[in-house]
Amino acid sequence: MPKPSLVLLGGQSISSRIMYHALAQDFHVLAVIQENRPSRKTLLQRRVKKLGLPKVSGQLLFMAYDRLYLHNRQQKKIDELIERYNLNTQAFPAAIVKTVNSVNDPDTIEALRRHRPDAVVISGTRIISADVLASISSPFLNIHAGITPRYRGVHGGYWALANGDRAHCGVTVHLVDTGIDTGAVLYQTAIDVANDDGFHTYPIHQIAKAIPLMKQALLDVAANRLQPGIGVGPSQLWSHPTLLEYIRNSVAAGVR
């Protein structure tokens with residue numbers, strides 16, 4: 001069976017780079033379409049409109065705490081996990097990268113139609129528009145850091161642990177639709193976390209677990225044997241914790 005080809009729609013996060021290098025070992029990556037980060041002003045306006053000013057203010061306080069203290073405190077463990085899992089965090093090869101302001105730009109559609117991959121892998125972008133999803137007939141596959149649809153949105157592993165739901169602290173590979181992590185589930189698995197893991201190390205465990213799941217999904221595409229499923233409910237959408245929520249979860253559930 002020939003190797004299936006793919007285009008990676010990725011962001012500027014470490015997880016996108018890790019996923020690219022893992023897939024490039026076994027599959028033909030035709031291109032990486034890299035999305036620029038939206039401006040902070042745009043993100044803030046969207047969050048306030050969706051969540052309200054009090055909630056967003058608390059999230060901003062947590063982000064400041066994270067930037068000034070939390071991430072640095074967990075960096076050593078992050079580095080240890082990257083080495084343990086043998087993950088490659090180097091930049092995308094410049095020769096195959098196309099940068100777009102938004103993954104939903106017309107340039108993305110043009111690139112997908114030109115390359116005509118067997119599958120499109122999503123890793124760390126904003127919600128994909130209906131126009132992009134309909135631009136080619138190939139399946140769009142997403143890596144979600146959480147068990148869907150129970151932990152849609154962001155930080156699914158963190159919220160599972162904060163809820164005392166360790167059995168559903170994991171990762172999902174699913175088909176993409178126009179909703180937020182609502183596509184049919186292909187594969188899911190839980191991750192193992194240690195007492196010294198935290199907010200920034202859960203995603204490293206998750207991406208390491210996601211790699212073999214995504215590889216299997218791509219092999220399923222090549223063999224025309226995708227078997228979409230429902231996943232684990234109930235469905236709920238999660239967002240960034242506020243500083244108060246983080247402190248409360250740290251004290252009550254030991255989630256750091």
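Student: Which residue in β5 is the bridge partner of V121?
Tutor: L141 is the partner. The model is predicted.

Student: What makes β4 and β5 a strand pair?
Tutor: Pairing needs at least two bridges. β4 and β5 (residues 140-144) have 3 bridges, in the parallel sense. So they pair.

Student: How are β1 and β4 joined?
Tutor: 5 bridges join β1 (residues 5-10) to β4, and the two run parallel. V7 stands opposite V120 there.

Student: Why is β4 called largely enclosed?
Tutor: 5 of the 5 residues of β4 (residues 119-123) are buried, so the rest of the structure largely encloses the strand. Both faces are covered: A119, V121 and S123 on one side, V120 and I122 on the other.

Student: Why is the pair of Y158 and W159 called edge-to-face?
Tutor: The ring centres are 5.2 Å apart, and pairing requires them within 6.5 Å.

Student: What makes the pair of Y158 and Y246 stacked?
Tutor: The centres are 6.3 Å apart and the planes 15°. The stacked class takes planes under 30 degrees apart, so this pair belongs there. Y158 lies in α6 (residues 156-162) and Y246 in α8 (residues 243-253), so the pair ties together parts 88 residues apart in sequence.

Student: Why do Y158 and Y246 count as buried?
Tutor: The cut-off is under 20% relative accessible area. Y158 has 2%. Y246 has 5%. So both are buried.

Student: How do you know that R84 sits over Y85?
Tutor: R84 lies over the ring face at 5.9 Å from the centre. The distance limit is within 6 Å.

Technical notes: Residues are numbered from 1 along each chain as its sequence is written. This is a predicted model: local features need pLDDT of at least 70, side-chain atom pairs count only at pLDDT 80 or more; totals for chains, interfaces and linings use all residues. Side-chain values use heavy atoms; hydrogens and water are left out. Buried means under 20% relative accessible area, exposed over 50%, partly exposed in between (1.4 Å probe, protein chains only). Helices (H or I, at least four residues) and strands (E, at least two) are DSSP runs, numbered from the N terminus. Rings of Phe, Tyr and Trp (its six-membered ring) pair if their centres lie within 6.5 Å; planes under 30 degrees apart count as stacked, over 60 as edge-to-face and the rest as tilted. A charge sits over a ring if NZ of Lys or CZ of Arg is within 6 Å of the ring centre and within 35 degrees of the ring normal.
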